[in-house]
Structure formats: C-alpha cells, structure tokens
Amino acid sequence: MMGMFKLLRGALVGVAVMLAHPVVAEDDFGFSDQQTKRTVDTFTYGVEQCATVDVVFRIDCLRQTYSQTVRVISKASVYWEAEVALTRVNRGLYSYVRANTDDNISRVRVNGGRIKALTDASIPQATALYFDAVDKAAAVMRGGSPSETRYFEPIAEAILASKALLQ
C-alpha cells in the first residue's frame with residue numbers, strides 16, 4: 001500500500017511539473033506565440049493610427065510604429081533576426097524623413113509621439129523606399145530556420161500588409 005502511495009504521489013508530482021511548465025518543442029528555443037502576437041498587435045495598432053493622418057505624415061508615422069515594435073520585440077533575444085530587420089526599416093525611414101521634412105507643416109501627435117510631414121515631392125520616393133525596405137525585411141524573416149519562420153511569418157505578413165497604407 002505504501003509503495004502504491006509513493007508511486008501515485010510521484011506520478012502526481014510529475015503531472016504537476018508538466019502542467020506548471022509549458023511544453024515547448026525542442027526546436028522552439030524560446031519563441032512564443034504570445035511574443036509574436038504582442039509584436040504583431042503593437043505594429044498593427046500603430047499602422048491603424050497612421051491611417052488616420054494625412055499622407056504627408058504617414059512615412060514618419062510608420063517609422064515611429066517600427067520603433068515601438070522594435071522595443072517590444074527586443075525583449076525576446078531569440079527574435080534578434082526580426083528585430084534587426086525591423087530596425088533597418090526604421091533607420092532607413094528615419095534618415096529619409098530627416099532629409100525630406102516639410103518645415104512649413106507643424107508636427108502632429110499620433111500614437112504617443114509627434115510626427116513630421118514630408119514634402120509632397122518626396123512622397124513617391126519615400127513610398128518606393130518603404131516598399132523596398134519592407135520587402136527586404138519580410139524576406140529576412142521568411143528566410144530563417146523553421147522555428148524562426150513559424151514565429152516571424154505573422155510579423156512579415158503584418159509589415160507587408162502595411163504597404164496598403166501608401167497605395
């Protein structure tokens with residue numbers, strides 16, 4: 001009877017340990033659906049906010065959205081490749097906005113930050129720059145290991161969908 005009790009107790013402890021720790025596939029290395037969702041939600045919310053502003057503000061608004069998304073994704077080191085890809089888009093937009101700001105238009109506040117307007121003449125080039133940068137970032141996120149691809153694909157889809165904001 002005592003042996004059966006010890007066996008049962010051991011089995012219960014084993015089940016409790018398994019329930020207390022989420023089961024992660026051996027090749028997931030710390031990726032999580034929650035982190036991916038948080039990243040996509042942050043980006044999508046930012047894009048929704050960008051849709052509310054005039055087209056001259058959208059590139060800087062998108063830049064701000066990338067910056068906020070990078071801050072979210074940087075908390076998970078296994079998302080490093082995606083973080084680098086998003087940071088490249090952010091930096092490219094930052095440089096472009098800085099060089100092509102319309103100083104005659106005041107900044108507007110969107111999604112917690114103040115964004116700058118681009119000159120009308122620079123918008124076609126900004127759009128082309130954005131499309132190219134997004135395509136490259138999505139390719140990076142889709143070109144990794146199976147685990148990376150699984151968790152980065154929703155992020156890649158979100159950034160590709162943001163191109164509609166500029167069409």
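1. Helices here are DSSP runs of H or I with at least four residues, strands are runs of E with at least two, and both are numbered from the N terminus. Please keep in mind that this is a predicted model, where local features need pLDDT of at least 70, side-chain atom pairs count only at pLDDT 80 or more, and totals for chains, interfaces and linings use all residues. Residues are numbered from 1 along each chain as its sequence is written, and side-chain values use heavy atoms, with hydrogens and water left out.

2. Some overall figures first. Among contacts with a separation of 6 or more, 70% join residues 24 or more positions apart, a contact being heavy atoms within 4.5 Å.

3. Now have a look at the structure's one disulfide (a pair of cysteine sulfur atoms within 2.5 Å). Cys 50 and Cys 61 form the bond, with their sulfur atoms 2.1 Å apart. The pair links distant parts of the chain, 11 residues apart: Cys 50 belongs to helix α2 (residues 33-50) and Cys 61 to helix α3 (residues 55-73). The S-S torsion is about -95 degrees, so this disulfide is left-handed. Cys 50 is buried at 0% relative accessible area, and Cys 61 is buried at 0% as well.

4. Helix α3 deserves a point of its own. Its 19 residues reach 27 Å from first C-alpha to last, close to the expected 27 Å (1.5 Å times one less than the number of residues). Because 17 of the 19 residues are buried, α3 is largely enclosed by the rest of the structure. Gln 64 lies in α3 and is buried at 8% relative accessibility. Beyond neighbours within four places in sequence, Gln 64 contacts Val 110, Asn 111, Gly 113, Arg 114 and Ile 115.

5. In the loop between α2 and α3 you will find Val 53, buried with a relative accessible area of 11%. Leaving out residues up to four places away in sequence, Val 53 touches Arg 58, Val 110 and Ile 115. The C-alpha atoms of Val 53 and Val 110 are 8.1 Å apart, although 57 residues separate the two along the chain.

6. The axes of α2 and helix α6 (residues 146-161) come within 9 Å and cross at roughly 5 degrees; axes are lines fitted to C-alpha atoms, for helices over the stretch in contact, and angles run from 0 to 180 degrees between N-to-C directions. The two helices are therefore roughly parallel (under 35 degrees; over 145 is roughly antiparallel, 65 to 115 roughly perpendicular and the rest oblique). Residues meeting here include Phe 43 of α2 and Tyr 151 of α6.

7. Helices α4 (residues 80-99) and α5 (residues 123-142) pack at about 170 degrees with axes 9 Å apart, which makes them roughly antiparallel. Among the residues that meet are Leu 86, Val 89 and Leu 93 in α4, and Leu 129, Ala 133 and Val 140 in α5.

Definitions and conventions: Buried < 20%, exposed > 50% of the residue type's maximum accessible area, 1.4 Å probe, protein only.
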